[in-house]
Amino acid sequence: MNQPKQLFAWKRFSLEESEHALPNGLVTNHITLEHPGAVLILPVANDGKLVMIHQYRPSIRRWIYEFPAGTLESSESPRYCAQRELAEEAQLKADEWHAIGESLPAPGFCNETQYLFVAKQLSHCEAQMDEDEVIEVVHFSVDEVKRLIAENEIQDSKTIVAFCRAQLLGLIT
């Protein structure tokens, strides 16, 4: 098989085309969005409410509810990235961290791995938000988040995956 050919690159992402031998023996060309990985943090406030952000997303031209998240910087560990993103997006730090697994949001065309965390024992901190982020911090009970998911008000897949996994692991009730 040949080396991947970079078709386009910007910021921390690139499109690469490479030849692949599939398990059935077929050899095909495949284009992959190369992604450095990302994190998602499900913050649980000291009163048990879940801290979410209401963020304007230019790609879809609307506001969505989601948990704080962000893309890994070069040579940054997922845990460090999670701490940084929680501070930047929600102005919070956590004394208790639980890694709850990984998620593959779009494996048909992208190699992104999302590292999921639950953060507890929260306290306020000051951090600089990215200038291109428009965010409002909101708090919801677990039942309110369930309702928002059921009513299709929360559509962000990484948020839904982390919420379900945290519930299954007994980290939120």
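Mentor: The sulfur of Cys81 lies 14 Å from the closest cysteine sulfur, that of Cys125, which is too far for a bond. A disulfide is taken here as a pair of cysteine sulfur atoms within 2.5 Å, and a search of the whole structure finds 0 of them. The model is a predicted one, in which local features need pLDDT of at least 70 and side-chain atom pairs count only at pLDDT 80 or more, while totals for chains, interfaces and linings use all residues. Residues are numbered from 1 along each chain as its sequence is written, and side-chain values use heavy atoms, with hydrogens and water left out.

Burial follows relative accessible area: buried is under 20%, exposed is over 50%, and partly exposed is in between (1.4 Å probe, protein chains only). Cys81 is buried at 0%, whereas Cys164 is partly exposed at 38%.

The aromatic residues come next. Rings of Phe, Tyr and Trp (its six-membered ring) pair if their centres lie within 6.5 Å; planes under 30 degrees apart are stacked, over 60 edge-to-face, and the rest tilted. The structure holds 5 such pairs. One of them joins Phe8 and Trp10 in a tilted arrangement, 5.0 Å centre to centre with 45° between the planes. Phe8 is partly exposed at 47% relative accessibility, and Trp10 is partly exposed at 37%. The pair formed by Tyr65 and Phe140 is edge-to-face, because its planes stand at 80°, with the centres 5.3 Å apart. Tyr65 belongs to strand S6 (residues 62-66) and Phe140 to strand S10 (residues 135-140), so this pair ties together parts 75 residues apart in sequence. Phe140 is buried, at 13% relative accessibility. Ring pairs also link Phe8, Trp10 and Phe13 into a cluster.

Helices (H or I, at least four residues) and strands (E, at least two) are DSSP runs, numbered from the N terminus. In helix H2 (residues 142-150), the buried residues are Val142, Val145 and Leu148. Seen down the axis of H2, these residues fall within an arc of 120°, so they line one face of the helix; the arc is that of the directions from the helix axis to the C-beta atoms. An α-helix has 3.6 residues a turn, so residues three or four places apart point the same way. The face of H2 turned away from the buried side carries the exposed residues Asp143 and Ala150. The cover over the buried residues of H2 includes strand S5 (50-57), S10 and helix H3 (157-168), where contact means heavy atoms within 4.5 Å. After H2 comes Asn152, with a positive phi near 65°.

Charged pairs complete the account. A salt bridge is a side-chain nitrogen of Lys or Arg within 4 Å of a carboxyl oxygen of Asp or Glu, and the count by this rule is 9. Glu151 bridges to Arg147 with the closest N and O atoms 3.0 Å apart; Glu151 is partly exposed at 46%, and Arg147 is partly exposed at 40%. Salt bridges that share partners join Arg57, Glu66, Asp156 and Lys158 into one network. Within it, Glu66 and Arg57 have their closest N and O atoms 3.0 Å apart; Glu66 is buried at 0%, while Arg57 is partly exposed at 29%. Arg84 and Glu76 also form a salt bridge, at 2.8 Å from N to O. Arg84 is buried at 17%, and Glu76 is buried at 12%.
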